[in-house]
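Let us walk through this structure together, one region at a time. Have the sequence and the 3D view open as you read.

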Amino acid sequence: MQKVTCDTLVAKACELLENGTVDRVLGWKNGEFVYDVTPALFTTVDDIKSEFVFNDFCGANFSKYLIEETRKTESKVLVFLKPCDTYSFNQLLTEHRFDREKVYALGIPCEGMADITKVKAAAGDGITAIKAEGENLVISTLYDEDKTVACADMLAERCMVCKSKKHVAYDELLGEDGDVIDSNRFDEVEKLEAMTEDERFAFWQNELSRCIRCNACRDVCPACTCEKCVFDNPESSVANKAISDSFEEKMFHIIRAFHVAGRCTDCGECSRVCPQNIPLHLLNRKFIKDINSFYGEYQAGAEAGSRAPLVDYTTEDIEPTDAVLKGASDNA
Amino acid sequence: MQRIGVFVCWCGSNIAGTVDVQAVSDALQNEPGVVFSTNYQYMCSQAGQDIIKNAIAEHKLTGIVVCSCSPRMHEATFRKTAAAAGLNPYMVEIANIREQCSWVHKDMPTGTEKAIILGKAAVAKVNLNAPLKPGESPVTKRALVIGGGIAGIQTALDIAEAGFPVDIVEKKPTIGGKMAQLDKTFPTLDCAACILTPKMVDVAQNENIRIFSYSEVEEVGGFVGNFDVKIRKKARFVNEDICTGCGICTEKCPQKKVPNEFNLGMDNRRAIYIPFAQAVPKVATIDADYCTMLKTGKCGVCSKVCTAGAIDYTQKDEIIEEKYGAIVAATGFNPISMDKFDEYAYNQSKDVITSLEFERLTNAAGPSAGKLVRPSDGKHPHTIVFVQCVGSRCAACAEKGKEYCSKICCMYTAKHAMLTRDKYPDTDVYVFYIDVRTPGKAFDEFYRRAVEEYGVHYIKGMVGKVSPEGDKLMVQASDLLANKQLHIEADLVVLAAAIEPDKSARPLATQLTASMDTNDFFTEAHPKLRPVESPTAGVFLSGTCQGPKDIPETVSQASAAAAKVIGLLAKDKLTGNPCVAASDELMCNVCSSCERVCPYGAITYVDKEFRMPDRTTRVRRVASVNEAVCQGCGACTVACPSGAMDLKGFATKQIIAEVDAICR
Amino acid sequence: MNNSTENLQKEIIRSSGVNPKKCMRCGKCSATCPAYDEMEYHPHQFVYMVENGDIQPLLESKSLFQCLTCFACIERCPRGVEPAKLVEAVRLAVIRKQGANHLKADDIPALLDEDMPQQAIVSALRKYSK
Amino acid sequence: MQINGEFQPKIVAFCCNWCSYAGADLAGNNRLAYPENVKIIKVPCSCRVNPMFILRAFQRGADGVILCGCHPGDCHYTSGNYYTRRRMALLFSMLNYLGIEKERTRVEWVSAAEGAKFAQTMNEFTEAVAALGENKRLEDLRCKK
């Protein structure tokens with residue numbers, strides 16, 4: 001259950017639109033089903049009042065949309081940012097990807113978003129409505145009686161290991177700001193590190209071979225904002241848009257993870273949108289964990305303008321051979 | 001499609017002994033793009049080069065591959081050959097089948113196979129080569145020297161002598177630097193002022209030299225041959241053009257209690273002052289921190305006594321913008337602070353002094369008019385203890401001392417000890433040393449004279465503690481050779497303080513994008529072969545800003561830096577290495593990753609207009625590489641996530657083609 | 001150097017955490033030492049002798065127990081060698097060989113007199129009670 | 001690749017122009033033998049090596065990839081190899097995390113004076129890769145004959 005209500009957001013959006021602070025609003029509206037809430041751009045008060053939604057399925061991170069949105073006009077756009085979104089927002093600012101002046105950032109608190117696969121597992125197919133009641137979700141389906149489940153049990157993985165409830169960037173904050181959380185988000189990575197090389201290979205072979213190269217992970221990623229992606233560029237020598245064989249997926253995912261290494265804020269959008277449920281965040285988190293352990297704690301986006309670890313160095317950095325040993329406990 | 005010629009060299013039997021050269025030229029004949037393939041005994045010989053030239057003409061070759069020795073050996077040769085035949089020299093690739101094949105392998109079949117693969121890789125690469133033309137940029141024929149000590153003075157004089165205009169920026173009111181504070185110089189014992197001040201006068205009188213004294217570099221932009229520099233000329237509240245340097249104001253100023261930095265605070269000066277008699281420019285400067293007029297608006301004595309009317313209390317800092325072709329850093333050194341050396345009681349006793357203070361004490365223009373006296377009571381000291389390596393060679397604590405040897409202390413201490421014994425034979429002089437380091441012409445002889453002729457007591461060992469007791473200083477030290485601990489009742493203790501780069505060097509290095517070592521000394525482009533150049537093109541190093549040095553070394557390095565500057569300024573145009581980075585503006589994200597990894601500051605951002613599909617124009621910032629500054633390392637190409645950055649001559653496509661050819 | 005000396009040398013270096021090779025032989029430790037005249041081997045010699053495996057004379061030396069453990073040498077050493085830690089380690093080696101403790105807390109009151117400085121008792125305990 | 005029934009690994013060595021390539025030349029000058037398996041690609045600086053090149057080599061059937069550059073602190077371009085060190089530390093750790101044998105990738109600093117070190121490194125590396133056998137975890141079957 002979210003602490004801030006949809007009505008509050010609607011009222012705020014209408015106010016800012018009416019007083020001319022902004023002329024567009026990046027928000028959420030219902031998709032085909034109640035749970036596939038999609039990002040939307042609103043330009044009128046009427047549209048907002050009739051279509052704007054905010055609930056436990058509003059996971060989409062809007063930061064990336066600002067790149068295109070701020071290029072359109074000279075006026076301001078309103079964007080709603082959950083704490084984790086503000087990190088992406090800052091990271092994009094660090095990389096000069098949009099004009100800060102053209103954005104009105106409204107920080108909103110977040111109690112964690114629900115994972116629809118978990119909801120479906122609990123309530124079955126044919127979901128027609130989901131209502132938040134206190135700490136629970138009441139789910140109506142075509143086939144069954146209403147089911148009540150605890151919100152806490154439906155949380156998405158990334159929200160269960162939420163790294164921060166603190167907004168690191170905003171123009172205005174709705175509600176109270178939270179704190180950076182001492183999360184255990186690297187536990188899964190550590191489990192993999194403790195495996196043998198063979199086991200790890202088997203694990204990733206199983207996961208990555210499911211990839212269908214739909215590119216959703218790339219398209220949603222707020223760090224993957226290249227004007228032209230190397231995988232789309234025939235001049236890059238690595239262009240390949242289609243699934244080919246088991247290697248191709250590794251090439252794609254390794255390079256993608258490397259390109260966002262040190263820039264990835266661990267927002268978890270890649271795993272959220274993957275239709276094959278590949279735990280892509282485990283690749284990014286590996287880089288984050290290694291960066292923390294090799295070069296000192298670094299949280300991309302925590303501070304606008306900070307120097308990313310891969311465009312920095314010290315003369316005493318760890319040697320690659322030692323890094324590999326340090327990076328996996330089975331090597332010790 | 002390229003038309004490629006392949007030329008396999010036998011190198012006598014050097015290659016042909018392990019590699020079947022005929023098989024190599026035959027195999028490469030069938031590679032894509034290859035229209036001609038041959039082999040010859042010595043490709044680098046005149047006859048061999050003629051084969052290449054003829055083939056280029058006959059077969060209309062657009063690229064050539066030479067399978068021969070290392071490109072480090074003959075790449076330049078074959079590039080010239082190609083150019084002579086009208087082919088762009090960068091259409092030449094070398095397959096190194098000697099150093100990296102025939103010389104390290106024994107077996108003919110596998111050696112031949114590897115040579116073929118290396119040849120294929122070179123063919124694959126040359127298929128993607130494009131003709132390259134080195135960029136050209138004009139050269140502003142003016143040099144900037146930052147720092148007006150002996151290093152800066154010498155560099156400026158040498159450049160000016162060659163006919164190029166030079167500006168010196170000095171943050172103090174006068175040029176002269178540390179050398180102006182010295183009394184005598186080792187090992188010849190010339191008077192420092194006698195050899196320095198004529199040079200200062202030369203600087204003042206040289207038409208090619210402008211001195212910006214009491215000024216600092218504010219901002220540096222541009223690149224080799226074309227630096228744009230902003231210089232802040234600090235307000236000295238005296239009109240330099242009018243002031244005659246008569247000095248009346250400095251005698252009449254009622255504010256007498258200003259510590260005199262030229263004498264290291266051992267006496268006082270006025271709020272309006274000329275640092276020393278031979279200052280250049282010889283004009284007065286008002287110290288705004290102490291001037292009553294500037295602080296309270298009441299006084300104005302200097303203005304009243306100045307017959308020239310040079311005093312101007314309303315003067316403001318002035319920013320001067322100038323273009324330069326080359327910049328020389330000559331920011332010099334300072335002795336380190338003695339605050340952390342409690343064991344030597346520097347802060348407790350006035351009679352514990354540093355060697356630079358000792359220089360002032362023995363200088364005729366110093367606070368005691370050249371009489372060696374104790375600062376505390378003005379009495380003549382009868383026992384003097386010199387302590388070497390105070391803060392030098394100190395690895396224990398970075399805040400206390402420096403890990404390096406300061407290089408000059410052994411010699412100046414020998415000088416001090418010798419001069420003291422010469423002038424005051426009734427004085428006992430002890431020098432505590434760890435090692436006496438005297439590598440230099442007539443240096444060891446000088447030190448031995450101090451011991452043998454002047455009877456200075458050199459004791460191997462360190463001083464552990466100095467404790468003031470009454471008007472004496474109790475010195476506790478070890479004599480390692482006698483295996484004794486000594487207790488000396490001294491009147492004066494002189495500490496050979498380590499030297500460190502001037503504090504202004506670090507921010508300056510950032511402005512110049514010149515690199516520094518962990519001690520804040522400027523790094524040279526190559527420690528042995530390019531010792532007076534910074535890795536940043538167009539930035540040169542002079543004097544102690546690069547490392548500890550004595551005067552002769554400083555002067556020779558200063559002249560060397562000047563020679564490099566003259567060499568640069570003598571050119572009308574600079575031709576660069578054409579293998580530089582280039583950004584594909586359409587793909588650039590402006591994320592600034594490339595800019596952050598560039599060691600040379602070669603990447604800037606420019607606003608670029610783009611025509612959009614809907615026929616509108618959109619302005620977007622994109623990275624732009626300055627080809628004159630880029631050295632072609634390629635760090636940016638990997639930092640760039642979109643692949644917008646590529647390196648000419650080592651393009652992503654080319655390297656991948658080589659990888660593919662090798663793994664095929 | 002025979003095996004047992006070599007082992008002893010290694011043990012002393014290990015337990016002290018001192019790298020005697022860092023010493024540049026400046027002698028500042030010995031210049032600093034307030035107990036210099038009481039010791040037949042001085043701090044800089046300790047470092048040099050340990051480095052050379054010349055351990056036996058140190059084990060038999062009374063210097064060992066003359067060192068006040070004031071740590072002045074550690075404080076002043078420009079190379080961070082920490083001679084007092086070496087002295088301490090050699091002392092420890094001797095005490096370990098002797099097996100029994102020389103000083104117990106119970107014995108202290110009897111040893112006290114008004115002139116005995118506090119620091120001497122503290123360092124005596126540190127020396128003899130390992 | 002098999003020769004006389006013995007597995008012969010394909011090894012790609014990226015060498016920076018200023019130190020390691022010169023080190024390899026010195027190995028040649030001193031006739032210090034190392035296996036034919038090693039094929040060198042010259043790059044201006046180790047920092048020119050994009051992780052894509054390394055993956056591409058594996059994809060096309062390389063069994064081991066080694067990257068040689070100037071010793072840290074000696075880079076011709078002052079800081080290039082520092083970036084290399086970070087990039088490769090992370091990349092190799094990631095490859096190992098994906099189950100790629102850590103012996104297949106290596107970074108070695110070889111100066112222009114270290115001909116012997118170059119030869120020795122190549123001997124050791126080839127041996128280590130040969131012991132692992134063929135690279136099957138990163139290869140692309142379409143690229144195999």
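**A covered helix and its surroundings**

Among the elements that cover the buried residues of α1(D) are α4 and α5 of chain B, together with β3 (11-16), β4 (38-43), β5 (64-69) and α4 (115-132) of chain D. Helix α1 of chain D spans residues 20-29, and nine of its ten residues are buried, which leaves the helix mostly covered. The buried ones are Ser20(D), Tyr21(D), Ala22(D), Gly23(D), Ala24(D), Asp25(D), Leu26(D), Ala27(D) and Gly28(D). After the helix comes Arg31(D), with a positive phi near 55°.

Please keep in mind that you are looking at a predicted model. Its scores are ipTM 0.78 and pTM 0.70. For chain D, the average pLDDT is 90, and 94% of the residues score at least 70.

The cover of α1(D) includes elements of chain B as well as chain D, so let us turn to the contact between these two chains. How many residues of each chain take part in it? Chain B brings 37 residues and chain D brings 34. On the side of chain B that touches chain D, the elements giving two or more residues are α5 (98-102), α6, α18 (635-639) and α19 (652-663) of chain B. Helix α19(B) provides the largest share, eight residues. By type, this side of chain B divides into 18 nonpolar, twelve polar and seven charged residues.

Next, find the open sheet of chain B, where four strands follow the order β2-β1-β3-β4 with parallel pairing. Which strands stand at the edges? They are β2 (34-40) and β4 (92-96) of chain B; each has a single partner strand, so one side of each is left without a neighbour in the sheet. On average, neighbouring strands in this sheet are turned by 15° against each other, ignoring direction. Look inside the sheet at β1 of chain B, residues 4-9, which pairs with β2(B) in the parallel sense over six bridges. Here Ile4(B) has Val34(B) in β2(B) as its bridge partner.

Helix α6 of chain B, residues 108-126, lies across β1, β2, β3 and β4 of chain B and runs at about 165° to β4(B).

The largest nonpolar core holds 307 residues, and the members that touch the most others are Val79(A), Ile64(B), Ala143(B), Val328(B), Ala329(B) and Val12(D). Helix α3 of chain D (residues 80-97) gives the most to this core, ten residues. What does Val12(D) touch, leaving out residues up to four places away in sequence? From chain B it touches Val659(B), Ile662(B) and Cys663(B), and from chain D it touches Lys39(D), Ile41(D), Ala57(D), Ala62(D) and Val65(D). Another core lies apart from the largest one; it has 54 residues, including Ile353(B), Val387(B), Cys389(B) and Phe432(B).

Further along chain B you will find two hairpins. Strands β24(B) and β25(B) run antiparallel and are joined by six bridges, with Lys465(B) opposite Gln476(B) in β25(B). Two residues lie between the strands of this hairpin, and Gly470(B) in the turn has a positive phi of about 60°. Strand β25(B) also runs antiparallel to β26 of chain B (residues 484-490), to which seven bridges join it. Ala477(B) has Leu486(B) in β26(B) as its bridge partner. This hairpin has four residues between its strands, and Asn483(B) in the turn has a positive phi of about 55°.

The contact between chains B and C takes 18 residues from chain B and 15 from chain C. On the side of chain B that touches chain C, the elements giving two or more residues are β24 (463-469) and β25 (472-479) of chain B. The residues of that side divide into nine nonpolar, six polar and three charged.

Finally, chain C itself has nine helices and zero strands. Of its 130 residues, 37% count as buried. Among its contacts between residues at least 6 apart in sequence, 70% join residues at least 24 apart.

Note on methods:
Residues numbered from 1 in each chain as written. Chains lettered and ligands numbered in written order. Predicted model: local features only at pLDDT ≥ 70, side-chain atom pairs only at ≥ 80, totals over all residues. Pairing = 2+ DSSP bridges. Axes fitted to C-alpha atoms, helices over the stretch in contact; angles between N-to-C directions. Contact = placed C-beta atoms within 7 Å. Nonpolar A, V, L, I, M, F, W, Y, C, P; charged D, E, K, R; others polar. Core = buried A, V, L, I, M, F, W, Y, C linked by C-beta atoms within 7 Å. Buried ≥ 20, exposed ≤ 12 C-beta atoms within 10 Å, placed from the backbone. pLDDT = per-residue confidence, 0-100.
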